[in-house]
Amino acid sequence: MSPTSPRTYRAGTLKEALSRVRRDLGGSAVILGTREVRRRRLLGLGERELIEVTAAPPEDRNGRPRIAPTREDATARPRLASVGVREVDPPPPIRSALDDRLGQLHETVEELSRSGSIEHLLMDVPAWLATTYAHLLDLDVPEPMARRLVRVVADAVEPDEAHQPEALAKALRIAVAQSLSIAPPIAGLPGARRVVALVGPTGVGKTTTVAKLAANAKLALGLRVGLVTVDTYRIAAVEQLRTYAEIIDLPLAVADAPDRILGALSDLGPVDLALIDTAGRSPRDEVKIRELADFLAMARPDEIHLVLSAVSGEKSLHAVVERFAPLGFDRLILTKLDEADRLGALLGVVSRAGRPVSYLTIGQGVPDDIEAADRDRLAALILGQEVVIG
């Protein structure tokens, strides 16, 4: 096989097949086509479905761009011609055979897609964006969202930008940013007490996040801040928050029952912002979550932030969002971004939650390692275009 000949890769998933393409041919490989194939198992034990990807190296032997002779060429060639990129046609016999083969591949893919049996294939993804699509999957972006984002990129870039990595990266960042909903920071007004509660499962960093918010509200905004904890279940939880309160010089009150939380809020005195730290609850423990709902019903906070750890898996995060929904949270705080290998799953979680992101935490430091959520910044972090330094 010639080094420049198209190659065929088969794998159980499209992501795996594209990963092999990149491994052998590099990130600029040209995707010529995809299809679903069936192969009989050993000993005749039924069949299994595989994804077949046909790809070619990005350049021919002369270092010139190899143009994939697929249907995408109908739109791709004028674009390349418009910016002065010369096409290199393969010899007629090879081109004819390749055109026939790719035509069959596309017809097969189109037919299967229309039947709904291969939703995961790249029917709606231009070949020149296959690498971008694979990159999103590598980041753990859910496949349906990855397809939508790639389509947005395809519509956004100019014809002469289709093969410019920088332009594609910028368009993708904008597409991701536009898919995110962002809430403004907590707005405390002197003389008008605002009550904000943080809820979430165990181990997501609620208490530390409360301390960060309190320190910034006092030191950066000059607000009078008070803390209330209802976390009397966890060993040393009250002492942990008391330590923060003493360091920042804030009043602290404890409520060990729902009917005592209004008294605790009153005990804080004339504060502009009251932050309520709640006990972490397992998403599976409906009884404890209902108890927490009783606290919130009495406190009637102005804002309820659900705290989600970025190191949790996508399914776990979806379960947390679903189980905590009865608490009426209206914002999301994403913590431990500095500890997560990939952040792409957060896109699907935030989208399904339907609530805006208010803050990001990027380390354990109080008060520095917290940021008010910014759409462009979060998009860059999810795409790995910026590095989290905690």
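Two strands count as paired if DSSP finds at least two bridges between them. In this predicted model, strand E5 (residues 225-229) and strand E7 (residues 273-277) are joined by five bridges and run parallel.

- Eight strands form an open sheet with mixed pairing, in the order E6-E5-E7-E4-E8-E9-E10-E11.
- From one strand to the next, the twist averages 25°.
- Within the pairing of E5 and E7, Leu227 has Leu275 of E7 as its bridge partner.
- Helix H11 (residues 314-324) packs on the sheet, where it touches strand E4 (194-199) and strand E8 (303-309). The direction of H11 makes about 155° with that of E8.

**Helix H5**

- Helix H5 (residues 143-156) has 14 residues, which at 1.5 Å a residue should span 20 Å; the end C-alpha atoms are 20 Å apart, which agrees.
- The buried residues of H5 are Met145, Ala146, Arg147, Leu149, Val150, Val153 and Ala154.
- The cover over these buried residues includes helix H4 (130-138), helix H6 (165-179) and helix H12 (345-353).

**The nonpolar cores**

- In soluble globular proteins, nonpolar side chains tend to be buried together.
- The largest nonpolar core comprises 87 residues. Those with the most contacts inside it are Leu149, Ile276, Leu306, Leu308, Leu334, Leu337 and Leu378.
- Apart from this core lies another, of 22 residues, among them Ile186, Leu213, Leu227 and Ile333.
- Leu149 is also one of the buried residues of H5.
- When neighbours within four places in sequence are left aside, Leu308 is in contact with Leu317, Val320, Val321, Leu332, Ile333, Leu334, Thr335 and Val349.

**Val366, a loop residue**

- Val366 lies in the loop between strand E10 (357-361) and E11.
- Val366 and Lys212 are 154 residues apart along the chain, and their C-alpha atoms are separated by 5.2 Å.
- Not counting residues up to four places away in sequence, Val366 touches Thr208, Ala211, Lys212 and Tyr244.

Terms used:
Residues numbered from 1 in each chain as written. Predicted model: local features only at pLDDT ≥ 70, side-chain atom pairs only at ≥ 80, totals over all residues. Heavy atoms only, no water. Helix = DSSP H or I, 4+ residues; strand = E, 2+ residues; numbered from the N terminus. Axes fitted to C-alpha atoms, helices over the stretch in contact; angles between N-to-C directions. Contact = heavy atoms within 4.5 Å. Expected span 1.5 Å × (residues − 1). Buried < 20%, exposed > 50% of the residue type's maximum accessible area, 1.4 Å probe, protein only. Core = buried A, V, L, I, M, F, W, Y, C linked by side-chain atoms within 4.5 Å.
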